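Subject: Structure handover: salt bridges

Hi,

Here is the structure I promised to pass on. Have a look at it, and then read on for what turned up.

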Amino acid sequence: MIERDYQAVICAQCDARRRMETEAAARQSDMADYYAAWTHQIKTPIAAMRLRLQGEDTPLSRRLSGDLFRVEQYVEMAMAYQRLGGPSDYVIREYALDPIVRQAVRKFAGEFIDRKIRLLYEPCGASVLTDEKWLSFVIEQVLSNALKYTPQGSVIVRLEAPKTLVVRDSGIGVAPEDLPRIFEKGFTGRNGRADKRASGIGLYLCRRVCENLGHTICARSRPGEGTEIRIGLEREAREVE
């Protein structure tokens, strides 16, 4: 009798746990569907605003275009964050690196010009095994951070051996105690606390994407001397699709 009672209690607990897991999965699915719908719907008003600004060339319109570009970046970040937990859409092929870098740099051309920050880009002349879309996302996030924390000076983009893409800025740098944690989810550090817009998500997403692509990413920095992000692009050839 005691064993039957224990079995009945255990079965009831297992049933309750299964119900809770099913309900939690349904809530998670509903939330994912909502954010997917939101990130796609928000693109319509963004595109409309960009069309309205295209015909104007005033200091105000340029500032609004820059703000709109940052909104687009935040939407792309939200979409990337959502896709990381879902089915993989990585397509690993051999790509020329220069067009990927140029495309990412071109998006920030207006901000470089408006803020009078020099961009020193050395053509890479190399090909890499990667996913073009996701590598572009990583480079854009790194460039965005470089611009955010470089009030004046320059940003250098170059390829160093062995197949390491380096983005080096002359900005405010990262505190030594913060440097080991800048790729952690939600970590903003001293600079992020000073800049209320920091989310601590951008570099975390870069690390996750690089791991999925078989790349590496690391940082070197000193306060007041700038920051250097190094993206290791080596990958075994057998993984080409």
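First, the term you'll need: a salt bridge here is a side-chain nitrogen of Lys or Arg within 4 Å of a carboxyl oxygen of Asp or Glu. Bear in mind that this is a predicted model, where local features need pLDDT of at least 70 and side-chain atom pairs count only at pLDDT 80 or more, while totals for chains, interfaces and linings use all residues. Residues are numbered from 1 along each chain as its sequence is written, and side-chain values use heavy atoms, with hydrogens and water left out.

Searching the whole structure gives 17 salt bridges. One of them joins Arg70 to Asp67, with 2.6 Å between the closest N and O atoms. Both sit in helix H3 (residues 59–84), three residues apart, or about one turn. (Helices, H or I, are DSSP runs of at least four residues, strands, E, of at least two, numbered from the N terminus.)

For the cut-offs, buried is under 20% relative accessible area, exposed is over 50%, and partly exposed is in between (1.4 Å probe, protein chains only).

Next, Arg230 pairs with Glu160 in a salt bridge, closest N and O atoms 3.1 Å apart. This one links distant parts of the chain: Arg230 is in strand E7 (residues 226–232) and Glu160 in strand E4 (residues 154–160), 70 residues apart. Arg230 is buried, at 11%.

Cheers
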